[in-house]
Every structure is written in structure tokens, then in C-alpha cells.
Amino acid sequence: MTIPAERIEVGKCYLIRVQTGQRVRRVVGMPNGRVQFEERPANRRRTTWTRGILNGRSFASLVEREVPCDWMPGGEG
């Protein structure tokens, strides 16, 4: 499932599915239609967040759903 790019918000986290598995991405900025984010593997709450940037449509096309930033598989949310 994807969401419209205009529904992406700074400060919210989204569950993303990529070839290497699920990831949680936290939006930290949205300059010029691009989405700056930090991400971590969904199955590790305690890890270093890494940074990335994508255009808004590309980011939105990967979103499965909005989740709490501490989301893990099998948990609530």
C-alpha cells in the first residue's frame, strides 16, 4: 500500500518494505518536495538511525502504513 505524498508529515514514522526487509523511517524534514528521513531496521528498536533522502513520491510509494516510531513486528500498532 502507498499513501499520497501530501500526507507525509515531519515527525511521523512509517513502515517501509524493501528487499532487505521492513524498516521504520522517521521524517525529519521536507525541503523542496524531498523527504529527509532517518531509518532503522523494524526488528531492532535499539540501533543507530541512518539518514537518507528521497523525493516525496518515491518515499510515499514505499510506505506500508504509519506506525509509532518505536514499532516492532508483533507489537501493537
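Visitor: Which cysteines form a disulfide here, and how far apart are their sulfur atoms?

Guide: Cys13 and Cys69 form the disulfide, with their sulfur atoms 1.9 Å apart. In general, a disulfide is a covalent bond between the sulfur atoms of two cysteines; the cut-off used for a pair is sulfur atoms within 2.5 Å. A search of the whole structure finds one. Before we go on, please keep in mind that this is a predicted model: local features need pLDDT of at least 70, side-chain atom pairs count only at pLDDT 80 or more, and totals for chains, interfaces and linings use all residues. Residues are numbered from 1 along each chain as its sequence is written, and side-chain values use heavy atoms, leaving out hydrogens and water.

Visitor: Is Cys13 buried or exposed?

Guide: Buried means under 20% relative accessible area, exposed over 50%, and partly exposed in between (1.4 Å probe, protein chains only). Cys13 is buried at 1%, while Cys69 is partly exposed at 28%.

Visitor: In what order do the strands of the sheet run?

Guide: Strands pair if DSSP finds at least two bridges between them. Five strands make an open, antiparallel sheet in the order E4-E3-E2-E1-E5. Strand E4 (50-55) and E5 are the edges, each pairing on one side only. E1 and strand E2 (residues 21-29) share six bridges, and Tyr14 stands opposite Arg25 in E2.

Visitor: How should I read the ring pair of Tyr14 and Phe59?

Guide: A pair of aromatic rings is described by the distance of the centres and the angle of the planes. Here, rings of Phe, Tyr and Trp (its six-membered ring) pair with centres within 6.5 Å; planes under 30 degrees apart are stacked, over 60 edge-to-face, and the rest tilted. Tyr14 and Phe59 are edge-to-face, 5.9 Å centre to centre with 90° between the planes. Tyr14 lies in strand E1 and Phe59 in helix H1, so this pair ties together parts 45 residues apart in sequence. The rings of Phe37 and Phe59 have centres 5.7 Å apart and planes at 50°, so that pair is tilted.

Visitor: Which residues do these ring pairs link into a cluster?

Guide: Tyr14, Phe37 and Phe59. Phe59 is in helix H1 (residues 56-62) and is buried at 0% relative accessibility.

Conventions: Helices (H or I, at least four residues) and strands (E, at least two) are DSSP runs, numbered from the N terminus.
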